[in-house]
Amino acid sequence: MVDLPDKRTKFIDWYLEVVEAANLSDKRYGVKGMNVWTAYGLKARRNLDAVLIREIEATGSEAVEFPALIPANEFAKEKEHIKGFDAQVYWVTKGGLSDLDIPLVLRPTSETAMYPTFALWVRSHRDLPLNVYQIVNTFRYETKTTRPFFRVREIHFFEEHTCQLDEAHATERVRSNLAAFRRMAEAFCLPYVSVRRPDWDKFAGAHYSIAFDIPVGEVRTLQIGSVHHYRDNFSEPYGIRYEAADGTQQLVHQTTFGLSERLLGAVVAVHGDAKGAVFPTAVAPFEVVVVPIPSSDTPGAAEAVARELTARLRAAGRRVYLDSGDERPGAKYYRWELHGVPLRLEVGKREAEAKSATAVDRLGRRSRVAFGTLETDITERLRDFDRALYEKALAAFRDSFAPAQSLDELARSDRVRVVAWCGAEECGHRIETSLDGSLLGIPEEELPLPLGPPGPCLGCGRTEGVRWALAARPL
Ligand SMILES: [Zn+2]
């Protein structure tokens, strides 16, 4: 039995133990921050990726794959970008025994890998929009403490890069990405907030950045993705131009949309509880675990029924694990709860006679499932489980924010702070200093909280142009 630390008061300890006990990742590899994907963790990741692929392709994006190595001269072309990533890149400087003429960067993100090629692909306005994405590994030399899924040096990265006709079309693409992420997060039962980052905290080279944040206990937040509008900041140095309908040469406007395995970490962090991981159906490596309960007078009977139910569910496209090991049922229940399986089916003598199984979902709710309507009943139970999981997460999400009316109050509350901010950088930094954290920025949509109009700016006391902003200590 694993005795997990208290999630509320020892969040990070709890999280690390769940990741390890549920066997989602093995961090004992010989390079710090580069972890091994276990069979169980990889199943979850692939399910998660399938949702990202489905939703981004529904918006007209196509998969591509670019090389992992970027020539130093291409990497250095956009000044802000290189400044932002300089301290985080790994270099390849040798090929065999000889020094390379042009050193190569192991991609930390793929703007500088893709854009020289985009300049070749985009010729005319008929080539636009160009909407492509890739899911690849990227590398960043993290100096902060690494944590499985949250902060790693080899990142499993989803990145969409687009070229649009002009600034307005790029803005439209940003909106489309925000809507796509809303659908992805729904599949993961994750409440989150979209926040426009302040200028001093936007992506290196971006015109503006909108990030998705989730509260993860006390005053902590985790950024689980972001969308960026680049205007022509990259198309100018990389020469991505097209011939417009009127015959003039124009620079494209660009956007990107980035996600990573942090999303998987977020699923564990948000839904997990004192018994371990809890997976929403879309991500769960196994949606259902079937546990036969043998009886001494008819050995093998429960197992035969369990086998038949498993086969039927698999034929219906469900991911099912049949646990016919010789441990006692209680030990199996415990293990699969720790591993976060949404639904358990128990099949014993009583169930076999009544021709209905006992279903217990990961929130502890019991019901009966008649063999005759097995497939549709299971679909309904899983749908209901996801709904309840989302409601539970939403209640915790709502409870994670608290308005702070003064700089003094900022230092005291144990929630993510909602603060009145005039937008001035100086005031933002004052708020950050008082909290010893970051001003995340202004939410893109109304927060699910009973907030009136904001009072005077916490930094300067001005009342005009003041809006609600979020401040927290990002993980
Ligand atoms: Zn101010």
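Me: Why is the crossing of α2 and α6 called right-handed?
Reply: A crossing is left-handed if the near helix is turned anticlockwise from the far one by less than a right angle and right-handed if clockwise, and the crossing of α2 and α6 is of the right-handed kind. This is a predicted model, in which local features need pLDDT of at least 70 and side-chain atom pairs count only at pLDDT 80 or more, while totals for chains, interfaces and linings use all residues. Residues are numbered from 1 along each chain as its sequence is written, and side-chain values use heavy atoms, with hydrogens and water left out. The axes of α2 and helix α6 (residues 167–187) come within 9 Å and cross at roughly 145 degrees, where axes are lines fitted to C-alpha atoms, for helices over the stretch in contact, and angles run from 0 to 180 degrees between N-to-C directions.

Me: Which residues make the contact of α2 with α6?
Reply: Val51, Leu52, Arg54, Glu55 and Ile56 of α2 make the contact with Arg173, Asn177, Ala180, Arg183, Met184 and Ala187 of α6, contact being heavy atoms within 4.5 Å.

Me: What makes α1 roughly perpendicular to α8?
Reply: The axes of helix α1 (residues 11–21) and helix α8 (residues 262–271) come within 10 Å and cross at roughly 115 degrees. Angles under 35 degrees count as roughly parallel, over 145 as roughly antiparallel, 65 to 115 as roughly perpendicular and the rest as oblique, and therefore α1 is roughly perpendicular to α8. In this crossing, which is right-handed, Phe11, Trp14, Tyr15, Val18 and Val19 in α1 meet Gly265, Val268 and Ala269 in α8.

Me: How do you know what the contact of α1 with α8 is by class?
Reply: Ala, Val, Leu, Ile, Met, Phe, Trp, Tyr, Cys and Pro count as nonpolar, Asp, Glu, Lys and Arg as charged, and the others, Gly among them, as polar; by that rule the contact of α1 with α8 has 7 nonpolar, 1 polar and no charged residues.

Me: What makes the space lined by Arg45, Leu48 and others a cavity?
Reply: On a 1 Å grid over the protein atoms alone, a cavity is a set of points where a 1.4 Å probe fits but cannot get out, whereas a pocket is an open set with protein on both sides within 12 Å along at least five of seven lines, and lining residues have an atom within 4 Å of a point. Arg45, Leu48, Asp49 and Leu52 are among the residues that line the largest cavity, to whose lining α2 gives the most, with 4 residues.

Note on methods
Helix = DSSP H or I, 4+ residues; strand = E, 2+ residues; numbered from the N terminus.
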